[in-house]
Amino acid sequence: MKNYLLFLTLLISQLEMSEHQYELLLGKDISSITIDNSEFIANKSNYYSIPFIDNPKAYHNNYIYFISFCTNDEKKITEVSIKLKTLVDKELYTTLTSIYGQPTMILVPDKILYDKTIESEKVKATVRKTKSKAKQGAFEDNPTFIIWEKKGFKIEVLMKYEQNISEISFRKVA
Amino acid sequence: MKQKILNCLKFGILVFGISLVLFNCQTDNSDELIQFEKGNNTAFKKGKLQDYDDLSTYIENLKRRRASIISSAESDIEDAYDFTIIQDQDMQIYDEGGSITYNIPIHKTNEEVDIFSNLVIKFSDIEPTQAFILNYEPYDGYFEDVEQNSQTPFSGYVSSQLLEYDGSLDGLAETDGGCITVTTKYCDWENNQHGAVHIATSNCTEGYMFYVSTTYCFGDAPQLVDVPSPSSSGFPYIPSGGGSSGDSSYEHPVIIPTVPSISREEELKKSILDCINTLSLNNSDTTTIDPEILEQLNLTLRQWTVINDSLNENGCSEEVQEDVIEFLENVFVYPYPHCSSFEYAKPPNINIRACAVTNLTETFYAYGRLNGQVGTITATVNYSLVFFVMPTWMTNGQAATSTAIAVNNALNLTKNWFLINYEASESEIITYLDFMLIEQMALFAGTKTDFPPFTIPSPAPYVTSLLSTGNCN
């Protein structure tokens, strides 16, 4: 537990130094940010997560309740994903555009092209898959995805309106 | 990237193959392991009060007499002794050797939510009728364990309460020097050998039943009762052929702790509402919740208990009230699987710890090229009923906490996979998620199955949380 708290403290201090720019962690060895692998239960899947339960981490005008890291087999971070307490609002969107510029795509679901529900025979579950044509829109059009494609990395904002939350993923690209 | 995906697929196929083998092995073993108790002890019965005319009449007389006493008593006496019988719940009955004991679930006015009470009445052909109240204050987790397995043996504190009655009917509440001696019958049949001790009922196999008699004195402090161990304590097994030949326990009322199930949920909801809407109400406490929200939620007893405990342990603080309200208002739409969804149980005679969850649902999102144009794709997976198994060395709480982490990780891994593989078919999506659930559960030495490892009568609804997967340890 002490190691875990130490890691959290060090990680938070590192992140604060980077002014919330989580893309700066991409490509780094996960152990270099003082993560003791043994503390992570799911490390066999190259997936690491930390909930900020009692002390949500500030992210601009919002709060992070959960952060997860994906690594490659060499334990280099390939993705950092943060889950925010609420949807990204106009203020945060403006802040992000001031840092990363105008987004490459703002995807607003449009006409439904495909909607199918199947009942799995192997597993007792149903799956409903829908595909929608997406139109380029503005922030005010309630987009599902806002994407910035930058050199060496990509930022994806996922807006989950039904849950009133949002996720921001920073992914390394070749 | 291609190499990585290939490696992932190979690993997935390997895990699936191993899981399939393990699961098949487990299923086979289960057939051997799970042998149900098939005794036939006709002395144990269940029934509702309205089906027993003599008992109903007796209780009517009892209450009428009590009413006259209570009306002239102090108000605190009324609170302490007033009770209502829960009519629509089965009583536990023991009928043998010319005597019959009824264990009747009751709801006492102002009783704390962690305590339950039974009215115990014993009719006998040769002895005066006995009637008294037993108050049970069980260990943490007992209510949840009983919900999963009604034969969970009671341990905790027990006190007796004399019914304030003048004794004009049948020598009612006759006691021996202000004390009453009661008998509890236990059974330790497990896979055709002596094993885990549980409360004896009609299915207890002859030769595996033993009894313990305890004396409670009215007005004394609650007495600690633990689960007895026949091997170490030398309690006599009741020989085959029943109690009348070698068992004198029928001389005492035979008690079977009976949790008033329906009222307890209402009590918990009332306690939660009192905490949020009434207690600590001052200028700074403006937090309230619409009682209708609680009525609309179909949570289990354990889930209500967790919420109630979190409020009480923090003195109904404003901060926790707000957290609870947020949780209740969004219990089915928040992003993290909460550990209270996973109500593990290990029946006394089965070497498996498992839980059942209904409506485990998650939606995955992606975007990509669809017929040459950019589009958005969603996939919503719903398990109407799914089972998780964890090692028996874990506690129920540890198993629940670990399962929530495993499910959360499986969902997140599937989310990442779907972003890249949005063209996957519906079957491939569910297959991948299933791989991930099995793989992540395997990291905790558990598994996920579509088949019940044993009968789980009350699957818990899938509950999510805004904050985290929670800690149910």
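The questions and answers below concern this predicted model.

Me: Which strand of chain A gives the largest share of the side that touches chain B?
Reply: The contact takes 41 residues from chain A and 39 residues from chain B. On the side of chain A, the elements that give two or more residues are strand 1, strand 3, strand 4, strand 5 and strand 6. The largest share, nine residues, comes from strand 6 of chain A.

Me: How many bridges join strand 6 of chain A to strand 14 of chain B?
Reply: Strand 6 of chain A (residues 126-136) is joined to strand 5 of chain A by 10 bridges. Strand 6 of chain A and strand 14 of chain B run antiparallel, and the bridges that join them number eight.

Me: How many residues lie between strand 5 and strand 6 of chain A in their hairpin?
Reply: The two strands run antiparallel. Glu119(A) stands opposite Thr126(A) in strand 6 of chain A. The number of residues between the strands of this hairpin is six.

Me: How many charged residues are in the contact of helix 11 with helix 12 of chain B?
Reply: These helices pack at an angle of about 145°, with their axes 8 Å apart. Helix 11 of chain B contributes residues including Leu413(B) and Trp417(B), and helix 12 of chain B contributes residues including Leu433(B) and Met436(B). By class, the contact has 12 nonpolar and four polar residues, and the charged ones number no residues, that is, none.

Note on methods
Residues are numbered from 1 along each chain as its sequence is written. Chains are lettered from A and ligands numbered from 1 in the order in which they are written. This is a predicted model: local features need pLDDT of at least 70, side-chain atom pairs count only at pLDDT 80 or more; totals for chains, interfaces and linings use all residues. Two strands pair if DSSP finds at least two bridges between them. Helices (H or I, at least four residues) and strands (E, at least two) are DSSP runs, numbered from the N terminus. Axes are lines fitted to C-alpha atoms, for helices over the stretch in contact, and angles run from 0 to 180 degrees between N-to-C directions. Two residues are in contact if their C-beta atoms, placed from the backbone, lie within 7 Å. Ala, Val, Leu, Ile, Met, Phe, Trp, Tyr, Cys and Pro count as nonpolar, Asp, Glu, Lys and Arg as charged, and the others, Gly among them, as polar.
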